[in-house]
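Biologist: Could you walk me through how the strands pair up here? Let's have the model on screen.

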Amino acid sequence: MLTLFPVEPIYPAGFSYTPNFISQSEEEHLLEVAKQIPLHNMQFKEYVANRRVASFGYDYSFDNGRLTQGKEIPAEFQFLVKKVTDYLQLPSTAIAELLVTEYQPGTVINWHRDAPPFGLIAGISLLSSCNFRLRPHEKEKQSRANTISLTVEPRSLYVMDGEARTAWQHSISPVKSTRYSITLRTLKDT
């Protein structure tokens, strides 16, 4: 049967997507700030990724599995922290980490779940879109039929919490043009 309207995927419990969460002027401000921050290639043990990052708040070490207090979240991001936490009905102090990421064309993020000490994950997409994918973490449930893909547009917000955070993995297909993201994370107990 043909439908006139696109069918929205059924997301896992705890996942939400909100287009146009921030305004174009807010996006321009965040891009200006992000482009001034010294970034370095993301490193996971001996693997060096193509995406470049800067972390604020708590830092997670993939070498020893520990959180340490890092640099303070810059004041230029506080309006975004407040906007996200107000939307999610959380205190602004719930945000334990803010991660700025730059993706050059061709950059991917392979299938993973975020570091165990973190709880809720909220991501803001900037400058260009990406193909964001979700699949069950349990290997026996992983299949093309159980993989959900969505286009994450600039200025949008996605949130992973609960089951979407713990029982599902996510990845990003190779980006077609330069993209930035700002990821906000709470600690697991928050």
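Modeller: Let's start with strand β7 (residues 118–126), which pairs with β10 in the antiparallel sense over four bridges; strands are DSSP runs (E, at least two residues) numbered from the N terminus, and two of them pair if DSSP finds at least two bridges between them. Mind that this is a predicted model, where local features need pLDDT of at least 70, side-chain atom pairs count only at pLDDT 80 or more, and totals for chains, interfaces and linings use all residues. Residues are numbered from 1 along each chain as its sequence is written, and side-chain values use heavy atoms, with hydrogens and water left out.

Biologist: Which residue in β10 is the bridge partner of Ile 121?

Modeller: Ile 121 has its bridge partner in β10. That partner is Met 160.

Biologist: And which residue in β10 does Thr 18 stand opposite?

Modeller: Strand β1 (residues 15–18) runs antiparallel to β10, and four bridges join them. Thr 18 stands opposite Leu 157.

Biologist: Are the residues of strand β10 (residues 157–160) buried or exposed?

Modeller: Leu 157 and Val 159 point one way, Tyr 158 and Met 160 the other. Buried means under 20% relative accessible area, exposed over 50%, partly exposed in between (1.4 Å probe, protein chains only). On both faces of β10, the residues are all buried.

Biologist: Which strands stand at the edges of the open sheet of four strands?

Modeller: Its order is β6-β11-β8-β9, with antiparallel pairing. Two strands have a single partner each, so one side of each is left without a neighbour in the sheet. They are β6 (109–112) and β9 (148–152).

Biologist: Which residue in β11 does His 112 stand opposite?

Modeller: β6 and strand β11 (residues 168–172) pair in the antiparallel sense over two bridges. Opposite His 112 stands His 170.
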